[in-house]
Amino acid sequence: MPARRGATLIPETVVARIAVRAAREALIRHTGRPPARLGLGPAHSTATVYEGSARLKVSVDLPYPVGIAHACGEIRRYIAHRVSDLTSLRIDGLTVSVQRLVLGESPRRGRAA
């Protein structure tokens, strides 16, 4: 197949791992701290790659309180940009869902004196 010669094929599992890494980076940008320090679990992702494009599904934990729509929008844009830059794939679809909301640190949560 001369038309496929020289093409780089990136496995779906690799694209999914890149999306998980990008989600972690996006959460750090959004919260200013690593997700694990906020009690957030790791992101999960699946990817489907076909003819130079990718469809991604990513699920994340978010700290509570948070503007869910705003946070997911920021995370979605960041993941799409990073995955596209690192893989040269066109992102045809990207869904970001919230696995759970994790109660963040609050001054009221300390022990009573």
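Biologist: Why is aspartate 61 called buried?

Modeller: In this predicted model, aspartate 61 has a relative accessibility of 2%. Buried means under 20%, so aspartate 61 counts as buried. Its place is in strand β2.

Biologist: What makes the pairing of the side chains of aspartate 61 and arginine 100 a polar contact?

Modeller: The two side chains are joined at 2.8 Å, and the cut-off for a pair of N or O atoms is 3.5 Å. The side chain of aspartate 61 also makes a polar contact with the side chain of glutamine 99, at 3.0 Å. Leaving aside neighbours within four places in sequence, aspartate 61 is in contact with Gln99 and Arg100, and its other partners include Leu27, Leu40 and Val102.

Biologist: Why is aspartate 85 called partly exposed?

Modeller: Aspartate 85 has a relative accessible area of 48%. Exposed means over 50% and buried under 20%, so 48% falls in between and aspartate 85 is partly exposed. Aspartate 85 lies in helix α2, and its side chain makes a polar contact of 2.9 Å with the side chain of histidine 81.

Biologist: How do you know that isoleucine 68 is partly exposed, and what places it in a surface patch?

Modeller: The relative accessible area of isoleucine 68 is 37%, which lies between the limits of 20% and 50%. A patch takes residues with over 30%, so isoleucine 68, at 37%, passes that test. Isoleucine 68 is found in helix α2. Together with Tyr64, Val98, Leu101 and Leu103, Ile68 forms a nonpolar patch with about 420 Å² of accessible area. Strand β3 gives the largest share of the patch, three residues.

Biologist: What makes a set of residues a nonpolar core, and how many residues does the largest one have?

Modeller: Its members are buried nonpolar residues joined through side-chain atoms within 4.5 Å. The largest core has 25 residues, and Leu56, Val58, Val60, Ile75 and Ile79 have the most contacts inside it. At least two residues each come from α1, β2, α2 and β3, with α1 supplying the largest share, eight. Not counting residues up to four places away in sequence, leucine 56 touches Val15, Ala19, Ile79 and Val83, among others.

Biologist: Which backbone oxygen lies 3.3 Å from a polar atom of the side chain of serine 45?

Modeller: That of lysine 57. Serine 45 itself lies in strand β1.

How values were computed
Residues numbered from 1 in each chain as written. Predicted model: local features only at pLDDT ≥ 70, side-chain atom pairs only at ≥ 80, totals over all residues. Heavy atoms only, no water. Patch = residues over 30% accessible without salt bridge, like charges linked within 9 Å, V, L, I, M, F, W, Y side chains within 5 Å. Areas by Shrake-Rupley, 256 points an atom, 1.4 Å probe, with all protein chains shown as cover. Salt bridge = Lys/Arg side-chain N within 4 Å of Asp/Glu carboxyl O. Helix = DSSP H or I, 4+ residues; strand = E, 2+ residues; numbered from the N terminus. Buried < 20%, exposed > 50% of the residue type's maximum accessible area, 1.4 Å probe, protein only. Contact = heavy atoms within 4.5 Å. Polar contact = N/O pair within 3.5 Å; in protein donor to acceptor, adjacent residues only side chain to side chain.
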